[in-house]
Amino acid sequence: MPSTTQRAARLAGAAFLVLAAHQAQAADPVKVGFMLPYSGTYAALGTAIENGFKLYVQQQGGKLAGREVEYVKVDDESNPAKGPENANRLIKRDKVDVVIGTVHSGVAMALAKAAKDSDTTLIVANAGADAITGPMCGPGIFRTSFTNWQPAYAMGPVAAAKGHKTAITVTWKYAAGDEAVAGFREGFEKSGGKVVKDLTVPFPNVEFQSVLTEIAASKPDMVFTFFAGGGAVKFVQDYAAAGLGKNIPLYGSGFLTDGTLQAQGASAQGLLTTLHYADGLNTPRDNAFRADYNKAYKLAPDVYAVQGYDAAQLLQAGLAAVQGDIGKKAEMRRAMRAATIDSPRGPFTLSAAGNPVQDIYLRKVEGLENKVVEVAVKQLADPARGCKL
Ligand code: PHB
């Protein structure tokens, strides 16, 4: 039987070990996994997200809530077939604390499943797959970007107000394209318009000749489209080269012209798009962000950079609430869900499903900018169909 003194000594020893472990954990860096495309049609988007995230961390002196940050990266190539394997490289092999990813909706679905299965916190910094904050929603699943439905829905009333009655849609055949088209259809038809035809090309194909021929022959009042990255550059150039823009105006979710204007040049001038970010917001918050981003990367930021930046802000909000103790998952996630993010786009909150409730801007391409025209829909919340928490 140990004496009282021996027991007290043992307890003190145990307490010391717990304390030491705790201190070691606090001294360890927070491990952030970037699962992003660094090659292929969305490569520039992945880099912008990483740049934005790192800029915010640098602004906090290289730490989040007092913890150093260590980065691990995987190039997901926007390839859904490799999604599960790539997600598990970060989660199981590298044992990251949190995953930031990704751009492509199909890859993000695989990532969200892996994150849920392993109870890893995930911040989606682009992919709009409606299901992620719909049927697949969960306490550890967050998004700092949009649902595919959101910006596309907002274009519906805008296009109808311009007097357009009929529309053809054209996009890549995968979740992001299909869901953007569904969102536009909902907004447009609610406002009195009619989508008369849906055209698609396989992702990431950029052979647009046959869809352009079909648009020319069908003569709708307008075309609505979802393309992004390298594909958006080519589509806008081909649409202009085919001479369609004069008679059949082209509209889209703002990805069509974000981060792409340098390459699109004259072919993009005057295009109207809807998105949760715009150039020329001219708020002190956005001006400061843009100046810092410019200084750090010698580049103007785009929507992807903003989403990455806000992913870091969201993580900071969670970590601050638990004094950097990322082991307190439930408490950290509750704080993240309750946060108001002071975004360059304007402040936003998260819905119960974890998706931004945000203003959607109407923008017009002028030179190298997507100049804000007005707020198309204020504080638009995704309906989060199928999310049960
Ligand atoms: C998507 O796949 O969800 C996606 C990709 C690129 C974008 C927007 C959405 O610019």
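**View 1. Contribution of α8 to the lining of the second largest pocket in the predicted model.** Helix α8 supplies 3 residues, the largest share of this lining. Both α8 (229-241) and β10 (250-253) give two or more residues to the lining of the second largest pocket.

**View 2. Centre and composition of the second largest pocket.** The volume of this pocket is about 210 Å³. Its lining comprises 16 residues, and those nearest the centre are Tyr239, Gly245, Leu250, Ser267 and Leu271. Classified by type, the lining holds 10 nonpolar, 5 polar and 1 charged residues.

**View 3. Centre of the largest pocket.** The lining of the largest pocket consists of 11 nonpolar, 7 polar and 6 charged residues.

**View 4. Secondary-structure elements lining the largest pocket.** At least two lining residues come from each of α2 (43-59), α9 (261-264), α10 (284-297) and β15 (369-380). Among the contributors, α2 gives the most, with 4 residues.

**View 5. Position of the largest pocket relative to the domains.** The largest pocket lies between domain 1 (30-146 + 280-354) and domain 2 (149-275), because both domains give residues to its lining.

Terms used. Residues numbered from 1 in each chain as written. Predicted model: local features only at pLDDT ≥ 70, side-chain atom pairs only at ≥ 80, totals over all residues. Heavy atoms only, no water. 1 Å grid on protein atoms, 1.4 Å probe; cavity = no way out; pocket = protein on both sides within 12 Å on 5 of 7 lines; lining within 4 Å. Nonpolar A, V, L, I, M, F, W, Y, C, P; charged D, E, K, R; others polar. Domains from an automatic or database assignment. Points joined across faces, edges and corners; volume = space filled by probe spheres on them.
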